[in-house]
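Please look over the chain before reading the points below.

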Amino acid sequence: YRLTYEHRQQDGSTINDNANGMQRGLLELKESEDFHCHYTSDSMERLETAMVNEYLSYHKDPNINDVVCLCPYKKYACGSYSVNNRLQEILNLLRGREEFKGDYGMSFRVGDPVMHIKTNNEQVSNGNVGEVEKIGFDEGVPAVFVKYDLGNKIEHVSYTVKEIDQL
């Protein structure tokens, strides 16, 4: 199957234009009010620090949930695992609270934003964004409980060690 229509962005969105251009092999990205690029020749570690700092520069904005940091991959410097861990340590400190350990050094804490990344669940789909609302037990098994506001309904989904790679 091939995605032919983007439901999460409006027509004319620069995000859509750039995504479609990248699929066609275009290397030039357009910038606009809803899409900014920062180019550098720094090391990946320095680039990761710049990514984290740029994201944090928006943190005082009440619409911070409308800002995302796109990572080129999951592992290593500049990957989503490393960037998320750094942002979590700044924005959602542990401070004696419980956390759930996942793969690749990821941990989940109450209040963390998360994204469901697999379409294998009747309640949520790939790309749905939610918030960790509780860390506890699901039928005696340690679990992360996530609340998804899907617009027309609220879904509550639990993830045990077996499913945590779906976040």
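How many helices and strands make up the secondary structure of the chain? There are three helices and six strands. The model is a predicted one.

**Overall layout**
- Read from the N terminus, the elements follow the order α-α-α-β-β-β-β-β-β.
- Along the principal axes, the C-alpha atoms of the chain occupy a box of roughly 50 × 35 × 30 Å.

**Helices α2 and α3**
- Helix α2 spans residues 44-57 and helix α3 spans residues 80-91.
- The axes of α2 and α3 come within 10 Å and cross at roughly 45°.
- On the α2 side, the contact is made by Glu 45, Glu 48, Thr 49, Met 51, Val 52, Tyr 55 and Leu 56.
- On the α3 side, Ser 82, Val 83, Arg 86, Leu 87, Ile 90 and Leu 91 take part.
- By type, the residues of the α2 and α3 contact comprise eight nonpolar, two polar and three charged.

**Aromatic side chains**
- How many aromatic pairs does the structure hold? The count is zero.
- Which residue lies over the face of Phe 145? Lys 134 does, at 4.6 Å from the ring centre.

Technical notes:
Residues numbered from 1 in each chain as written. Predicted model: local features only at pLDDT ≥ 70, side-chain atom pairs only at ≥ 80, totals over all residues. Heavy atoms only, no water. Phe/Tyr/Trp six-rings, centres within 6.5 Å; stacked < 30°, edge-to-face > 60°. Lys NZ or Arg CZ within 6 Å of the ring centre and 35° of its normal. Axes fitted to C-alpha atoms, helices over the stretch in contact; angles between N-to-C directions. Helix = DSSP H or I, 4+ residues; strand = E, 2+ residues; numbered from the N terminus. Contact = heavy atoms within 4.5 Å. Nonpolar A, V, L, I, M, F, W, Y, C, P; charged D, E, K, R; others polar.
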